Amino acid sequence: MAKAPKRSRVKDFLWRHSAGIAFTVMLFFVAFIGFVGYTYAVITRKFDSSRRWDLPSRVYSDATPLLPGINYPRSLLEPKLNHVGYHEVTACPSTPGEYRFTGGDLEIYLQNFVYPDMEFHAIPVIVDFDGAAIRSVRRLTDGVTLRGVRIEPELITSIYNNEMEDRLPVSLKAVPKVVSDAVIATEDRGFYSHEGISIRGILRAVWTDVRDKALTAGGSTLTQQLVKNLYLNPERTFTRKGIEALMALLIEARYSKEDILEAYLNEIYLGQNGSVQIIGVEQASQVYFGKHVTYLRLDEAATLAGMIRSPNVLSPIKYPERAKPRRDTVLKLMLDQKRITEEEYETAVALPLSVTKFPRTSRSAPFFVDFVLKQLRETYPETQLKSDGLRIFTTLDTIMQRSAELALDSGIASLNKQSKMIRNSPSPLEGVVLTIQPGTGYVKALVGGRNYSKTQFNRAIQARRQPGSLFKPFVYATAMDPARLGQAFTAATVLDDSPISVQAGKTVWRPQNYDNRFHGLVTVRASLAHSYNIPAVRAAINAGVPNVIRTATDIGVNSKLEPYPSISLGSFEVTPLEIAFAYSVFANLGVKAEPISILAIAKREGKLESREVKMKRVAPASVSYVMNDMLKDVFIYGTAAKARSLGFRRDFAGKTGTTSNYRDAWFIGYSPRILTLVWIGFDDGRSTRMAGGDACVPIWTSHMNRISGLIPDVDWKRPDDVISREIDPESGMLAGPWCPESRGEIFVAGTEPTAVCPLHAGGGDTTLFAGDGDEPRDPVAENSQPEERRGEQQRREKARESGIRKLLRSIFGGGN
């Protein structure tokens with residue numbers, strides 16, 4: 001039997017299995033259609049989403065007001081402008097982000113910015129200066145006088161997810177044509193003519209891969225690059241390339257070229273800023289050129305487009321010698337493709353490589369940022385902070401912050417030079433500088449240590465240290481309260497600075513003064529100015545230690561306080577932030593403001609969350625006013641008098657603090673509008689061998705001399721229940737006609753002395769007055785030799801002190 005022809009056998013097989021083959025083909029077709037449908041759904045779900053990307057939350061400083069009357073030396077203002085993204089020009093500013101100083105005045109083209117409560121549109125203004133003081137602010141176009149303007153907030157950090165991507169999405173309308181043309185000329189010259197893939201490019205890539213026996217060639221269109229970045233991983237396989245091509249075709253079928261180009265410009269990787277990925281042309285423009293992408297010039301656009309091939313190798317900041325030739329290559333491509341003219345090409349090629357003079361770091365004010373994040377995490381989960389693109393506006397004043405950082409660095413460097421012990425210490429000397437607004441609770445500057453990269457321990461909010469003499473005003477405020485039982489103390493109350501023994505449990509405590517001396521009879525005012533210890537102990541005993549604790553707790557000391565007499569000298573532990581806000585109650589005339597670091601939070605969908613200032617009266621305004629008046633003497637003749645010799649002239653109040661064995665040095669100085677605290681010490685508690693006046697006052701003064709011009713010079717308004725009287729400084733009583741000297745003193749109404757000084761009365765045994773004369777006559781002094789005169793003077797002094805002590809015991813009891 002003859003064999004059937006081979007073709008017949010195949011035909012016969014196909015016939016017999018036609019149903020199965022048809023089913024298989026149909027199955028593959030359905031599977032392919034299903035895969036295409038699934039892929040299309042994946043593409044559209046992400047592409048159409050308003051949350052196409054996880055966006056980092058951004059933390060901004062406060063805006064910087066430019067108002068008449070504020071002092072802004074160029075040395076402070078210009079670095080601020082540069083850090084925000086302004087760049088200096090020689091001609092009159094014509095584009096947002098430009099400025100120039102001319103004839104002592106500032107011409108500046110303010111940038112667009114979306115504030116939490118409004119959208120600000122760019123305008124050019126001229127700021128007239130009289131020296132460092134702003135005289136007026138006028139619109140540059142028509143000369144109209146404005147009440148003031150503000151420099152937009154400075155980005156201080158971003159909160160990233162695990163990918164550490166920093167991206168600022170921007171619409172295609174905001175991207176200048178030179179940028180999109182440069183990108184298309186470099187990456188996909190046929191972008192507007194293909195349907196998502198380039199057959200010629202694919203064939204060229206396949207030939208290269210076959211020749212090299214490796215999947216190394218590109219050939220991807222701009223759309224394919226978008227697919228790879230947005231949906232796929234970077235592995236090089238034929239399967240992945242096939243899916244990439246399919247997705248590119250589907251995207252082109254569904255979306256316009258403008259939609260695709262906008263997504264690409266927001267997705268492209270353009271290098272690193274430290275450990276953070278720079279994604280998108282807007283973010284890259286701000287990092288490399290210090291300006292919004294809207295304002296890029298042709299040469300800058302070419303630099304940016306040239307980086308896409310290899311961003312880290314072609315970074316204009318790190319490798320300008322590589323970036324410039326690459327920029328020129330892009331410009332030549334644009335010329336060849338007739339995207340620019342010959343004249344534009346020649347002008348751009350002749351320009352030097354342009355980069356920002358102030359590259360943006362991924363984080364500034366790190367200790368302040370940690371404080372903000374601590375507050376944020378009490379309300380927002382970590383995932384929301386890292387992906388929802390929140391815009392967090394804070395109270396930080398970056399001018400004050402940079403001043404505080406500089407003051408601490410230079411101040412500790414100076415202390416290192418002065419002290420061999422500090423220089424040779426196994427652990428570095430550390431410090432804190434904290435500046436707040438008493439009236440609002442706004443934290444304006446916070447430096448929690450010298451070097452955040454070495455240690456993230458935030459001493460401003462985490463370190464627990466003894467406040468020492470900083471606690472004395474709370475003791476005296478308790479003793480001066482007119483509502484307390486017993487005779488209220490006043491600034492003129494005379495206290496006995498002599499040896500004292502206090503029973504504390506089974507032990508006897510014998511406090512000493514800082515100078516290891518006793519000063520006899522001193523007023524509360526002088527005791528506070530000189531920071532004498534023993535009068536403060538006597539005041540605490542008289543007022544009642546539990547009452548002192550109650551006052552301190554009400555004012556804002558939240559740490560646990562034990563009822564021991566040593567509390568009067570600050571023997572417990574507090575954080576710097578805690579004691580600073582306790583002092584802000586005095587600065588705010590008895591009103592307590594809670595610490596605020598966050599002004600508002602703007603969410604991606606436009607919702608706004610504002611933080612309210614919480615205020616509460618915790619002390620009488622009258623007592624606070626008298627306290628501030630006494631603490632002004634600390635600057636005049638007390639423990640902070642060094643500030644005057646260092647050039648500080650403002651009428652501030654302040655208090656130094658030094659703890660046992662010099663472990664901690666403190667200083668707080670304040671006015672109604674500003675308060676700054678400085679702490680110096682070692683983390684391990686070793687002695688610095690320096691008092692607060694020596695270690696902290698120079699650092700405080702350096703900082704405040706720089707920024708005091710930014711703060712209105714106002715004094716406290718005297719409350720109606722604070723009155724003045726002329727007193728005898730020796731007895732603290734009302735001055736009589738026979739008192740050898742008198743001075744004005746202020747009192748809380750109802751606590752002022754009512755009796756006339758008994759020490760210098762006409763019938764007393766220390767001074768006699770002749771018949772009708774005004775001058776005192778001392779018959780003993782007139783008829784004795786010098787030695788006898790000195791002995792008699794000493795006997796009279798003892799008699800006077802004895803008389804004052806008897807007077808004190810009659811008023812305040814045995815405790816004084």
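1. Two strands are taken to pair if DSSP finds at least two bridges between them; helices (H or I, at least four residues) and strands (E, at least two) are DSSP runs, numbered from the N terminus. The structure is a predicted model, in which local features need pLDDT of at least 70 and side-chain atom pairs count only at pLDDT 80 or more, whereas totals for chains, interfaces and linings use all residues. Residues are numbered from 1 along each chain as its sequence is written, and side-chain values use heavy atoms, with hydrogens and water left out.

2. Of the 816 residues in the protein chain, 53% are buried, where buried means under 20% relative accessible area, exposed means over 50%, and partly exposed lies in between (1.4 Å probe, protein chains only). Among contacts (heavy atoms within 4.5 Å) between residues at least 6 apart in sequence, 68% join residues at least 24 apart.

3. A reader new to the model may begin with the open sheet of six strands, which has the order β3-β4-β5-β8-β9-β10 and mixed pairing. Its edges are formed by β3 (87-88) and β10 (145-146), each of which has a single partner strand, so one side of each is left without a neighbour in the sheet. Helix α3 (residues 74-84) lies across β3, β4 (98-102), β5 (105-109) and β8 (124-130), and runs at about 165 degrees to β4; for such angles, axes are lines fitted to C-alpha atoms, for helices over the stretch in contact, and the angles run from 0 to 180 degrees between N-to-C directions.

4. D130 stands opposite A133 in β9, and in the hairpin of β8 and β9, which has two residues between the strands, G131 takes a positive phi near 70 degrees. Strand β9 (residues 133-139) is in turn joined to β10 by two bridges, also in the antiparallel sense, with R138 standing opposite T145 in β10.

5. Another open sheet is built from three strands in the order β13-β15-β14, and its pairing is mixed. The edge strands here are β13 (165-167) and β14 (269-273), each pairing on one side only, and neighbouring strands are turned by 30 degrees against each other on average, direction ignored. β14 and strand β15 (residues 276-279) pair in the antiparallel sense over three bridges, and Y269 stands opposite I279 in β15. Helix α9 (residues 281-289) lies across β13, β14 and β15, running at about 40 degrees to β14.

6. How do the helices α4 and α8 meet, and at what angle do their axes cross? The axes of helix α4 (residues 177-187) and helix α8 (residues 257-267) come within 12 Å and cross at roughly 90 degrees. That makes α4 roughly perpendicular to α8, given that angles under 35 degrees count as roughly parallel, over 145 as roughly antiparallel, 65 to 115 as roughly perpendicular and the rest as oblique. The contact is made by S180, V183, I184 and E187 of α4 together with L261, Y264 and L265 of α8. These residues divide into five nonpolar, one polar and one charged, where Ala, Val, Leu, Ile, Met, Phe, Trp, Tyr, Cys and Pro count as nonpolar, Asp, Glu, Lys and Arg as charged, and the others, Gly among them, as polar.

7. Helix α11 (residues 320-336) has 17 residues and reaches 24 Å from its first C-alpha to its last, close to the 24 Å expected at 1.5 Å a residue, the expected span being 1.5 Å times one less than the number of residues. Its buried residues are A323, R326, R327, D328, V330, L331, M334 and L335, and what covers them includes α4, α10 (298-307) and α12 (342-350). After α11 comes K338, whose phi is positive, near 60 degrees.

8. A last point concerns L249, which lies in helix α7 (residues 238-254) and is partly exposed, with a relative accessible area of 35%. The C-alpha atoms of L249 and G196 are separated by 4.9 Å, although these residues are 53 apart along the chain. Not counting residues up to four places away in sequence, L249 touches E195 and I197.
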